[in-house]
Amino acid sequence: MKFRCRMVDVIAMRDFTNIVNIISRLTKQCTLRLTPNVVSFSVGHDRVSMVWAELNQSHFFSEYVMNGVTEEQNEIYLELDATMLARSLGSLRMTAKSVKIKLTNKRQPCLTLEIELPSLSIESRQCLHDVPVRVIPRREWAEHQAPNIPEFDISVDMPQLKHVRNIVERMKNMSPRLTLCADKSGVFVLRIDTDSATVSTYFQDLQVWSCSQENGDEKVSATVDIKKFFMFLAWDVVHPDGVKCNILRDRMLNLYLHLSDYLKIHYFIPAMTI
């Protein structure tokens, strides 16, 4: 079993650092899945409320070598402290020239980061970090697979995340719940209900990707924890090409974010009972 990679592109290092930073805010422990083509981070233990971030390795890494458990099962699953990894990557903000990441064994398995920093002298400075990991055995792999995507009642494009963030930031001080509604005409609504008022924000003429025939002209809605939804809006830092809001009526919200063909993120929030 072997893994090593290298990043030299400034934008790739920035995006990778941003992704890990956001994940570290969501959880302490996360799973890292390594395959020949894709690096995936996953968060969530109940298979309902979770995040799945899939990175195309060819975009992020100038060098990438991995050999999995066997030729037939050419994958590696690692459990690690996302906060520790985020802190280790903090050096990349200091205009790092490159970073190497490799799987090592230093009394226990680790992800070792070798970060090359600029220096006034001829030789570059090197910053070394070891992040302890647990190698997940094959018998547990089924618990860390990509999520099954159900057929949703409606799928609609979301407005720009920065606009939604400004609205929800004010709403979360008024209510712990947020209701998201959409209909086949492309109307998207953010609504909170308090004892004294109902506050709604409407967006129109959004692209509708699918809508089940059973719903007709009525709105499809789900009410979720407003703090969990607000945490998702932090992904605006990666400047996505688009975000789809998929609603399973009164059961689940799936937010799908994509950036060209090199970053895909599924964010699941279970609906709250009213």
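I looked up the largest cavity and found about 80 Å³ of space in it. A cavity here is a set of points on a 1 Å grid over the protein atoms alone where a 1.4 Å probe fits but cannot get out. Points are joined across faces, edges and corners, and the volume is the space filled by probe spheres set on them. The count is one cavity of 30 Å³ or more.

This is a predicted model: local features need pLDDT of at least 70, side-chain atom pairs need 80 or more, and totals for chains, interfaces and linings use all residues. Residues are numbered from 1 along each chain as its sequence is written, and side-chain values use heavy atoms, without hydrogens or water.

Next I listed the cavity lining, which takes residues with an atom within 4 Å of a point. Phe3, Cys5, Phe16, Leu32, Leu34, Val39, Phe61, Leu85, Ile101 and Leu111 make it up. By class I get ten nonpolar, no polar and no charged residues. Nonpolar covers Ala, Val, Leu, Ile, Met, Phe, Trp, Tyr, Cys and Pro; charged covers Asp, Glu, Lys and Arg; the others, Gly among them, are polar. β1 (2–7) and β2 (29–34) each supply at least two lining residues. Strands are DSSP E runs of at least two residues, helices H or I runs of at least four, numbered from the N terminus.

I then checked the rings. There are eleven aromatic pairs. Phe, Tyr and Trp (six-membered ring) pair with centres within 6.5 Å; planes under 30 degrees apart are stacked, over 60 edge-to-face, the rest tilted. Phe16 and Phe60 have centres 6.3 Å apart and planes at 65°, so I logged them as edge-to-face. Phe16 is in α1 (residues 10–26) and Phe60 in α2 (residues 57–60), 44 residues apart. Phe60 and Phe61 have centres 6.4 Å apart and planes at 45°, so that pair is tilted.

How accessible is phenylalanine 16? Its relative accessibility is 4%, so it counts as buried (under 20%; exposed is over 50%, partly exposed in between, 1.4 Å probe, protein chains only). Phe60 at 2% is buried, and Phe61 at 7% is buried too. One aromatic cluster includes Phe3, Phe16, Phe60 and Phe61.

Last, the cysteines. I found zero disulfides in the whole structure (sulfur atoms within 2.5 Å). For Cys127 the nearest cysteine sulfur, that of Cys110, is 15 Å away. For Cys211 the nearest is that of Cys245, 13 Å away. Cys211 is partly exposed at 26%.

Technical notes. On a 1 Å grid over the protein atoms alone, a cavity is a set of points where a 1.4 Å probe fits but cannot get out, and a pocket is an open set with protein on both sides within 12 Å along at least five of seven lines; lining residues have an atom within 4 Å of a point.
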